Amino acid sequence: EKRVFGNIGALKDLKDEKPGLILGVFGCMTQQKDVAQKLFRRFPFVNIVFGTNLLSKLPSFVEHAEAGERTLAVEEGNIVIEDELPSARTSTINAFVNINYGCDNYCTYCIVPYVRGRERSRNPASIVAEIERLVQEGYSEITLLGQNVNSYGNDLEGTDFADLLQRVSHVKGLDRIRFMTSHPKDLSDRVIAAMASLPNVCHHVHLPMQSGSNEILRRMNRKYTREQYLTIVKELREAMDDVEITTDIIVGFPGETEQDFAETLDLIEQVGFAAAFTFKYSPRKGTRAADYPDQVPEPVKRERLRVLNDLQERKSRENNEKYLGASGVVHVEDCDTRNEPVCYGKFSNFKMVYFPGGLELIGQYVRVRVKQVRKNSLSGEMEENNL
């Protein structure tokens, strides 16, 4: 939130240079009425401020801005899913497709259920139709998005996330299907079986662990234990020997002791994540954890985050080293032509790979053999007998 406010302030000079420029701020942060009002008052050069529930009204807000009117709009209540909204895609390689909105989990540190509403699943036929259109536009890789994709269909009759994966996998011309984010408590055996059996579903799961301590997981209201998490990891790896698992981890949650933190480090050692997004806990107004009395001091959180990141950096390198000499298919995302042209893209299981190549390879699938390990990625060379 502080970063957003700083970035908005930095735009004032640009607005002064171009008075006709329309500036809008919207999303789940501005769904919080007090935040939206504060932002609207503090930055009078911002034209539009609105929350998550009014996206379909953006064209009318822009019309008001063009007429010299400012708009502050925060509508409370659940999101209404509108399938026919136009989309502007920022990637020509991978298209993102929302499958559900909102969240029912109410983790004690998270504001999302309050600003995005209860879970709402899109109709599966509508999702498939959107993906078919995307394939016709030239996309061969899509990512299914949701705050918790594993609970897709809980509010629908006769379908779940495994069923949706089956339906989407049958779209002709679709080579890769990714998804995120997965909640451990809802990652079912059916989803694991679908991942393992459907040839175009990628073998990568982003599975937020958050903590390795059962006591902290309980206080977070995560609804699983470290033992259950390890069982899921074991089942994933037994079903797919090439699966990669990435995660989210929070350190310094209220009440976290040195023993709790040690249990988090131990779980990282046991799982061996390919990568992790790591965070210091910060109180979010409106969440239960913000009012917990046993907040961890900031210096302690900083030091724990440093120790955690050092460990994960080592585990990421160890994970990368197993790829030395291995060959795999890369979907080329882009090329860096500043010096010797280098292309990059991902294996199916989300490993980033760099290799010599030109702009003509962007969007193609090429086979690459790994020659070197980088800190967070791999590098190699295209094989002569390619796809």
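In this predicted model, helix α7 (residues 161–169) has F161, A162, L164, L165, V168 and S169 as its buried residues, where buried means under 20% relative accessible area, exposed over 50% and partly exposed in between, with a 1.4 Å probe and protein chains only. Viewed along the axis of α7, these residues fall within an arc of 160 degrees, so they line one face of the helix; the arc is that of the directions from the helix axis to the C-beta atoms. Helices (H or I, at least four residues) and strands (E, at least two) are DSSP runs, numbered from the N terminus.

Residues are numbered from 1 along each chain as its sequence is written. Because the model is predicted, local features need pLDDT of at least 70 and side-chain atom pairs count only at pLDDT 80 or more, while totals for chains, interfaces and linings use all residues; side-chain values use heavy atoms, with hydrogens and water left out.

**Helices α7 and α8**

The cover over the buried residues of α7 includes α6 (124–136), β7 (141–145), β8 (176–180) and α8 (189–197), contact being defined as heavy atoms within 4.5 Å. At the N-terminal end, α7 is capped by D160, which has a side-chain oxygen 3.2 Å from the backbone nitrogen of A162. A polar contact is a pair of N or O atoms within 3.5 Å; within protein, one must be able to donate a hydrogen and the other to accept it, and residues adjacent in sequence count only if both atoms are side-chain atoms.

Helix α8 contributes V191, I192, A194 and M195 as buried residues. These cover an arc of only 160 degrees around the axis, which puts them on the same side of α8. The buried residues of α8 pack against α7, β8, β9 (204–206) and α10.

**The pair α10 and α11**

Two packed helices are described by the angle between their axes and the distance between the axes. For helix α10 (residues 226–239) and helix α11 (residues 258–271), the axes come within 11 Å and cross at roughly 10 degrees. Axes are lines fitted to C-alpha atoms, for helices over the stretch in contact, and angles run from 0 to 180 degrees between N-to-C directions. The crossing makes α10 roughly parallel to α11; angles under 35 degrees count as roughly parallel, over 145 as roughly antiparallel, 65 to 115 as roughly perpendicular and the rest as oblique.

On the α10 side, R226, Y229, L230, V233 and R237 take part, and they meet E263, D266, L267, Q270 and V271 in α11. The residues of this contact divide into 5 nonpolar, 1 polar and 4 charged. Here Ala, Val, Leu, Ile, Met, Phe, Trp, Tyr, Cys and Pro count as nonpolar, Asp, Glu, Lys and Arg as charged, and the others, Gly among them, as polar.

**Loop residues**

| Residue | Relative accessible area | Class |
|---|---|---|
| F347 | 5% | buried |
| E256 | 5% | buried |
| Q210 | 7% | buried |
| S56 | 29% | partly exposed |
| K223 | 47% | partly exposed |

F347 is located in the loop between β13 (342–346) and β14 (352–356). Setting aside residues up to four places away in sequence, F347 touches R176, R178, Y323, G328, V329, V330, V353, V368, V370 and L378. F347 and V332, 15 residues apart in sequence, are 9.4 Å apart from C-alpha to C-alpha.

E256 occupies the loop between β10 (244–251) and α11. A polar atom of the E256 side chain lies 2.7 Å from the backbone nitrogen of G252, and the side chain of E256 also makes a polar contact with the side chain of R304 (2.8 Å). Apart from neighbours within four places in sequence, the contacts of E256 are I216, I250, V251, F261, V296 and R304.

S56 belongs to the loop between β2 (48–50) and α4 (58–66). Not counting residues up to four places away in sequence, S56 touches E82 and L85.

**Backbone geometry**

Most residues other than glycine have a negative phi, and most peptide bonds are trans. Q210, in the loop between β9 and α9 (214–220), has a positive phi of about 70 degrees although it is not a glycine. K223, in the loop between α9 and α10, likewise is not a glycine and has a positive phi of about 70 degrees. The peptide bond from M180 to T181 is cis, with omega near 10 degrees; T181 lies in the loop between β8 and α8.
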